[in-house]
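Please view the structure first and then read on.

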Amino acid sequence: MPVEWQPVQQSRTHELVLRSIEERVIAGELRAGDRLPPERELAPVLGVSRSALREALRVLETIGVLVAQPGRGPDAGARIVRNPDDALGRLLRLHFALGSYSLHDVLEARVVLERSSFEAAACHAPVEDLDEAEELVAGMAEPGITVSTFNDLDTRFHVLIARSSGNALTSTLTSAVRESVRPLILRALEAAEDWPATARALNAEHRTLLTLVREGSGPEAADLVEWHIRGFHGTLVKGPDAP
């Protein structure tokens, strides 16, 4: 059924355009994969300027529900998408930097999310996901691995387990919370007195966590991941710069 577009009021125009598009998404008239009409068609239908429409589309792109492809052709234009991970990670990182959330808040959120995801993964994780996690653990064990590469693989490991739990929201929130403190964790790893030993110790915990998930030992995996998070992340909370 074609979407019916109605003119919007002129006050704070781009916000009203956002509201108009949001209402159609909530009503199910717009779904992921749908394309919006071209700007030259949509702007006059909504009764707004093209600049106001572009401003609204940029906001939607920032929050991960729209992607805009410039130019002409079948792939050009604005398309509704589902891409919450990057958007939420960026949002939380900015608010963490601004002091909206303390490091302790982030620690406790990680503990709650990852206890849940590891316990659920022990029951529901597909073999393919666990095999991929095995590759990530093997990658973190590579001799001479850099701090940056280790941190990337570490993040992917935790997010993968959250995804394999079967709860998409838990996966998104785990990714966002981890991303919010990514620079801080990276600096802490770089400051480790003995980086090779630190990497071996952290990855030994990853290896045990994966074994527990494979064995279906959910409660034990939940307890260990909490210990794992509090062991390293907890040292950041206790640091001199912690809130």
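A nonpolar core is a set of buried Ala, Val, Leu, Ile, Met, Phe, Trp, Tyr and Cys residues joined through side-chain atoms within 4.5 Å; buried means under 20% relative accessible area, with a 1.4 Å probe and protein chains only. The model is predicted, so local features need pLDDT of at least 70 and side-chain atom pairs count only at pLDDT 80 or more, while totals for chains, interfaces and linings use all residues. Residues are numbered from 1 along each chain as its sequence is written, and side-chain values use heavy atoms, with hydrogens and water left out.

The largest nonpolar core holds 38 residues, of which Phe118, Phe150, Phe157 and Ile161 touch the most other members. Helices here are DSSP runs (H or I) of at least four residues, and strands (E) of at least two, numbered from the N terminus.

Phenylalanine 150, leaving aside neighbours within four places in sequence, is in contact (heavy atoms within 4.5 Å) with Met140, Ile145, Trp195, Ala199, Leu202, Asn203 and His206.

In the protein as a whole there are 11 helices and two strands, in the order α-α-α-β-β-α-α-α-α-α-α-α-α. Of its 243 residues, 41% are buried. The C-alpha atoms fill a box of roughly 65 × 40 × 30 Å along the principal axes.

How values were computed: Buried means under 20% relative accessible area, exposed over 50%, partly exposed in between (1.4 Å probe, protein chains only).
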